[in-house]
Amino acid sequence: MSELVIYENDAGAVDVRLEGDTVWLRQEQMTALFGRDRTVIGRHIRNVFAEGELEAKSVCANFAHTAADGKTYQVEFYNLDVIISVGYRVKSPEGVRFRQWATRLLREHLTRGYTLNRHRLESNARELEAALALVRKTARAPELSADQGRGLADIVSRYAQTFLLLQRYDEGLLTEPETRPGGQLPTPDQARHALARLKAELTARGEAGDLFARERDDGLAALLGNLDQTAFGEPAYPSIEAKAAHLLYFVIKNHPFADGNKRSAAYLFVDFLHRNGRLLGADDTPVINDIGLAALALLVAESAPRQKDTLIRLIMNMLAGPG
C-alpha cells in the first residue's frame, strides 16, 4: 500500500512516495531536491550502480505516474539508499536534511503500522475470547452428551488450526476465509420435502411429535428468500460458506418451526452442503461430523445476538478448512 507525503524545503515542495519500508523519488524530483542539473543527477545515479555501491534491481522500481499531459506512465523511481548516495555525491546539505526527515517519517510509519496491527490483534483476541467463553457455556449445557462434548472439542481444535493459519498469513482472527462463490439454495417446497423425510424417520423412532418442523406462517419461505436476496445487483450472501452459515444460524435463531428448530437447521444445513458438493473436504473427509454439527447447533442456540458475526465467521472457517 503506497501513499504520498510532502517534503518541503526553501526551494519548494516535493511529493515523496512512501511504499514498503522506504521512500521513493523520480530522477527529476532529485534534480529539484538537490538543485542540480538533470544530467548531473543522471550521471551520479549511473555511477552509483557502475561502481557497485548499490544493486539496481533492489533499489529501483517502476510505479504508475500521471504526467503533466494527464496520461499515466510507468516511471522509474529510486529508493532512499539511492537518494542518500546521490546527495552525498553532489555534496548537498539538502541530502542530510532529507535523510533525517525520511528516517523520522519511516520510524513514525513503522510505529503506526505496528499500532494498527496490535489493535487488530487485540480486537481479534477479544473475539476469540468471546467465542471460547461461549464454548465453555455450551459445554455445561445439560442436554450436551459426552459424544457431543467431543464434537464440540473437535470444533475448537479445528478452529484453532484455522486461527493459526490465519495468523501466519497475517489475515487476523475470525476474518472470512477463502470461499467458493455461488451456492444453490433449495426452494421452500424442496426444503419442506427434505424436512418431511426427516420427520418421518424421527417419528418412526419415537423422536419427533406432530409439531416437529411445522411451519409458523411463511417463516421458512421468508428465510430462504432473504438468503437469496441481492444488494445493488450482487448476492447478499455470495458464497456457499456464507449461505450455509446463515442458513444454520437463521433457522435456529428465527424459530420458523413450532418445534425442532435446531434439528431442522442442522438437516437443512447438511442438505444444502450436499446439493452444492461441499459435504466433503479436500481430503475426502466430512467438513463436519454429525456429533460436531449437533454441538455447533447448540453453540448457535446459546449465543447472544451480539455474537452473531462471531458465529457466522466461525462456521464459515469450519467449512472452508485450514487451507
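Are Arg-278 and Glu-241 buried or exposed? Both of these residues are buried, a word that here stands for a relative accessible area under 20%, whereas exposed stands for over 50% and partly exposed for what lies in between, computed with a 1.4 Å probe on protein chains only. The structure is a predicted model, in which local features need pLDDT of at least 70 and side-chain atom pairs count only at pLDDT 80 or more, while totals for chains, interfaces and linings use all residues. Residues are numbered from 1 along each chain as its sequence is written, and side-chain values use heavy atoms, with hydrogens and water left out.

Arg-278 forms a salt bridge with Glu-241, their closest N and O atoms being 3.8 Å apart; a salt bridge is defined as a side-chain nitrogen of Lys or Arg within 4 Å of a carboxyl oxygen of Asp or Glu. Because Arg-278 lies in the loop between α10 and α11 (290-302) and Glu-241 in helix α9 (residues 240-254), the pair ties together parts that are 37 residues apart in sequence. By this rule the count comes to 14 salt bridges, and those that share partners join Arg-26, Glu-28 and Arg-38 into one network. Another of the salt bridges links Glu-19 to Arg-17, with the closest N and O atoms 3.4 Å apart; here Glu-19 is partly exposed at 24% relative accessible area, but Arg-17, at 16%, counts as buried.

Helix α7 covers residues 188-204, and its 17 residues reach 24 Å from the first C-alpha to the last, close to the 24 Å expected at 1.5 Å a residue, where the expected span is 1.5 Å times one less than the number of residues. Helices are DSSP runs of H or I with at least four residues, strands are runs of E with at least two, and both are numbered from the N terminus. The buried residues of α7 are Ala-191, Ala-194, Leu-195, Leu-198 and Leu-202. Seen down the axis of α7, these residues fall within an arc of 95°, so they line one face of the helix, the arc being that of the directions from the helix axis to the C-beta atoms. What covers them includes α8 (219-227) and α10 (261-275), while on the other side of α7 His-193 and Ala-204 are exposed.

Being three residues apart in α7, the two are separated by about one helical turn.

Note on methods. Contact = heavy atoms within 4.5 Å.
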